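Please look over the sequence and the model shown here before reading on.

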Amino acid sequence: MVLLDNVVRKLGPGVEFRCDHFHAPPGVQMALWGPSGCGKSTMLNLISGLLRPDRGVVRVDGEEIQKLRERELDAFRGERYGFVFQTFNLLAPFTSLQNVILGMRFADVVPASEWKSRATEFLNRVDLGHRLHSKPATLSVGERQRVAIARALVNRPKLIVADEPTGSLDPKTSTGVMDLLLELCREEEVTLLMVSHDKQLADLLPEVFDCSGLVEEVAA
Amino acid sequence: MSLWRIAWSYLWNRKFTTALTIISVALGVGLISAVLTLREETERRFVAEGQSFDIVVGAKGNPLQLVLSTVYFLGPLTGNIEWSDYERLRNEEEVAGAYPIGMGDTYRGFRIVGTVPELFEHDWGGGRNPYKLADGKYFEKPMEAVIGAAVAADSRRGVGDKFIGTHGVGGAGGHEHKHHPYTVVGVLERSGTPNDRAIFCSLDSVWQIHQEDPCDNHGGEGEEDLEAPAEDEVDARAEAHVEGVAQVEGEAHDPGEAHDSGDAHDPGDAHDHHGHGAHEVTAVLVALRSPGLRFTFKERVNKGYNAMAAIPVQQIRDLYDQLLGTAKAVLLAIGYLVVVISALSILIGLYMSILQRKRDLAIMRALGASSGEIFGSVIIEAFWVTVLGLCAGWVLGSFVCYCLGMYLSRTIGFSVPPVVWTADIVSAYSAVVLMGMVAGLLPAWQAYHTDVARDLAEL
């Protein structure tokens, strides 16, 4: 599903990200684990196409995304990826339902006539059927992250990239959100790549990739 | 969910700043709307009223002053012309109607216009009848008056009420004709014309007052009194008025006047049984058989009469071109300056908004939105602000026009409608929308170049 081969990306003067090889097969649930600054977020950005490598190959679902043009990459990202962020990143002016619909509106993989029913279905699956018309500011942090999970999955993407998805949650809520994310990814047969600096959390996933040493200093 | 809806949601999410930006656009648009509408409407109305009579004939002097004072009842009066000139004019082949007017007095600042009843039958063209009665009847006898709607409203006078005229038309402080009260016999419907602030009475009324009131020879406000013949003539005419005898000595009758007789009866005035041979009038309003005759007839009058002819519509157009054209340009420049400032406020407002929600834009990009869609949504926001500002400005402009219209209707007798859709207004509004769009370009460009990875930061 995801392959990084001899990928190099300069991060600043004398600092670069280097990954000789990384492979995540389809349907895997894998944690990208490592301490802060080790390069795990850079790796996720490269896999998402939000950063382009200076060298090497980033292949996702058979497509070498570093070769895609900006517009093609936008469309590819909308179609194949689902994002779950640490701070939820819901759009404040919109309700839960609208936030989930926006996930489909930009991806353009679900017919517009199905947006509402599909968004409602996924919000029901994350147990937020009663908060469809609530704006993010009125939701608890756990509810916000559940909306974000619904938004990430609503397009039935091939790959979910999650960046510290429980980083802003208390332990009890965190467990509930993680269970939900893993369960839904299993049900939808989606590949999950989750960044975490928390080894305990990372160990909840079947696979763990140690990102230590991906960022290194080089001679200027 | 369309980009329009998304853009609207973001504007709604920051209602206060959006409202301020819309208000700033509205101020500029309102100013432009009001300036253009007032200019268009006043010009249209002035010209329309200028068309109501083909020619005005009065004393030699300034033709614009003659037109303003006799057609629009504005500004100082010119001198007088002889009654015989009126009679000659009335019998000219090209003339369809000639209406003498005599002025010199006012009531509460409204001019008292002595004329003949036939004036009320004059066709102003375009189906307009600014002499329609709202109440009462037209004057039939001396010292009966028909007052305009603005006069009635301002003075709270109605049919049956009496009032006293003041000598002079230049303002307050003139001598009051206390012994010659007028009786209101009719009130005109509001017509939005200068007639609204005029008081019509028979010429006899005007003459009678100025013959019999000893104070009249003092003059007033620099205006020339109507009828200023030799003292013995004044006595004779005064006597004639008192006795109801139509006889005046030493008059220069028009030898071509078919109805001229020893008693100097005016055949065109069924209500006037007095002789007018030595009387003077302020001017004669002339309707020609065809507007195409205006220039030739004017030339003929200027050469063949001891008087001056002026074409009202020509004078008014000249006035607009020379004077109001410059004023309009200045006001428009101010209006556009306000709009440019408004455009800057759109730019600043949107730019600040983009800076504040760079993260949102990055999320949209991560969700699959293209750079073009992000660019488009910001441009649409600028469009919303501009169009809402435009609508608010239209309302504001209409309100200003309404208020000014009320004022103008009361002071100079014509009303102003809400913003009218003229080519100038459409062009101005288009320019405002264009400026709004241009103001949105920089923030949109900024949004277009969203660095998704950096703006998402933690990803």
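Two residues are said to be in contact if their C-beta atoms, placed from the backbone, lie within 7 Å. In chain B, 77% of the contacts with a separation of 6 or more are accounted for by residues 24 or more positions apart. This is a predicted model, in which local features need pLDDT of at least 70 and side-chain atom pairs count only at pLDDT 80 or more, while totals for chains, interfaces and linings use all residues. Residues are numbered from 1 along each chain as its sequence is written, and chains are lettered from A, with ligands numbered from 1, in the order in which they are written.

The table sets out the two chains. Helices (H or I, at least four residues) and strands (E, at least two) are DSSP runs, numbered from the N terminus, and a residue is buried if 20 or more other C-beta atoms lie within 10 Å of its own.

| Chain | Helices and strands | Buried residues |
|---|---|---|
| A | seven helices, ten strands | 50% of 220 residues |

In chain A, among contacts between residues at least 6 apart in sequence, 74% join residues at least 24 apart.

**A pair of helices in chain A**

Helix α3 (residues 96-107) of chain A and helix α4 (residues 115-125) of chain A have axes, which are lines fitted to C-alpha atoms over the stretch in contact, that come within 9 Å and cross at roughly 120°. Because of this angle, α3(A) is oblique to α4(A), since angles under 35 degrees count as roughly parallel, over 145 as roughly antiparallel, 65 to 115 as roughly perpendicular and the rest as oblique. On the α3(A) side the residues making the contact include L97(A), V100(A) and M104(A), and on the α4(A) side they include W115(A), A119(A) and F122(A).

**Confidence in chain B**

The predictor's confidence in each residue is its pLDDT, from 0 to 100. Chain B averages a pLDDT of 78, and 81% of its residues score at least 70. Within chain B, confidence is highest in strand β6 (residues 144-147) of chain B, at 94, and lowest in helix α7 (residues 231-243) of chain B, at a mean of 38. Over residues 227-275 of chain B the pLDDT is below 50, although this stretch has 73 contacts in the model beyond near neighbours in sequence. Where pLDDT is low, the predicted coordinates should not be read in detail. For the complex, the predictor gives an ipTM of 0.81 and a pTM of 0.64.

Conventions
Buried ≥ 20, exposed ≤ 12 C-beta atoms within 10 Å, placed from the backbone. Axes fitted to C-alpha atoms, helices over the stretch in contact; angles between N-to-C directions.
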